[in-house]
Amino acid sequence: MGSTIPRARVEDDAPRLEPMLDLEWSRAIELPQAAMTATTPAELRRAWVHRAPEDSVLALFRASAGMGGPIPAPWWLRAVADGRLDSREQGFRVEDRIAQLLGPRPGWEFVPWAADGESGYWEFMPSERGKSGHAIPTTVMNTDRHPGWIDVLPAHTGRTPDPIPVAGLAGLRSRLGVFEAVR
């Protein structure tokens, strides 16, 4: 009669544990609940991707992104990983300069609850439900789509229009009157 007791494990039989990159990346971009009250992008920078050494952030991003398809990440990280932005600090400066421009202006509000990993965005509240009747306000957001790093989504109702690429902070400043005219 054969034995029903399993044989003892030897080192070669030990289970191999590999990091679960999806879970690790999700935790890397996770913000604490308190960040949802942020009024500027700087107040939102509390996730691991904002604080950890930049080379570690890039390594984990590249490993996670290589697993199959795009992953949620801040715009600046995608730009740094592609070699189009020199550093995370440069991305932070772009965000902070937009905050310095829009924060004091009447009608602009920072929205911290953007898509997972993103840096929030700015909405021009008078363009929503004003005389024009738009359901969605004019929105300023950062992007890695072009080297100006800023897109404006016009106020709209119904189908989402294509974002308007803006040539950096100077381009945003020069066109603010046009963007704010929609009420």
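This is a predicted model: local features need pLDDT of at least 70, side-chain atom pairs count only at pLDDT 80 or more; totals for chains, interfaces and linings use all residues.

Visitor: How are helices α6 and α7 oriented to each other?

Guide: Two packed helices are described by the angle between their axes and the distance between the axes. The axes of α6 (residues 88-102) and α7 (residues 168-180) come within 10 Å and cross at roughly 20 degrees. Since angles under 35 degrees count as roughly parallel, the orientation of α6 to α7 is therefore roughly parallel.

Visitor: Is the crossing of α6 and α7 left-handed or right-handed?

Guide: The handedness describes the sense in which one helix is turned from the other. For α6 and α7, the crossing is right-handed.

Visitor: How many nonpolar residues does the contact of α6 with α7 have?

Guide: On the α6 side the contact involves R97, I98, L101 and L102, and on the α7 side L169, L172, R173 and L176. By class, the contact of α6 with α7 includes two charged residues and no polar ones, and its nonpolar residues number six.

Visitor: Which residues of α4 make the contact with α1?

Guide: Here α1 passes α4 in a left-handed crossing. From α1, the contact is made by L21, E24, W25 and A28, and from α4 by V57, L60, F61, A63 and S64.

Visitor: What is the volume of the largest cavity?

Guide: The structure holds two cavities of 30 Å³ or more. P41, L44, R45, H50, E95, E118 and S119 line the largest cavity. This lining divides into two nonpolar, two polar and three charged residues. The volume of the largest cavity is about 40 Å³.

Visitor: Which element gives the largest share of the lining of the second largest cavity?

Guide: The second largest cavity holds about 30 Å³ of space, and its lining consists of P41, E95, F110, S119, G120, Y121, W122, V140, M141 and N142. Two elements give two or more residues to this lining, β2 (121-124) and β3 (138-142). The largest share, three residues, comes from β3.

Visitor: How many charged residues are in the lining of the second largest cavity?

Guide: The classes to be counted are nonpolar, polar and charged. The lining of the second largest cavity has six nonpolar residues and three polar ones, and its charged residues number one.

Key
Residues are numbered from 1 along each chain as its sequence is written. Side-chain values use heavy atoms; hydrogens and water are left out. Axes are lines fitted to C-alpha atoms, for helices over the stretch in contact, and angles run from 0 to 180 degrees between N-to-C directions. Helices (H or I, at least four residues) and strands (E, at least two) are DSSP runs, numbered from the N terminus. Angles under 35 degrees count as roughly parallel, over 145 as roughly antiparallel, 65 to 115 as roughly perpendicular and the rest as oblique. Contact means heavy atoms within 4.5 Å. Ala, Val, Leu, Ile, Met, Phe, Trp, Tyr, Cys and Pro count as nonpolar, Asp, Glu, Lys and Arg as charged, and the others, Gly among them, as polar. On a 1 Å grid over the protein atoms alone, a cavity is a set of points where a 1.4 Å probe fits but cannot get out, and a pocket is an open set with protein on both sides within 12 Å along at least five of seven lines; lining residues have an atom within 4 Å of a point. Grid points are joined across faces, edges and corners, and a volume is the space filled by probe spheres set on the points.
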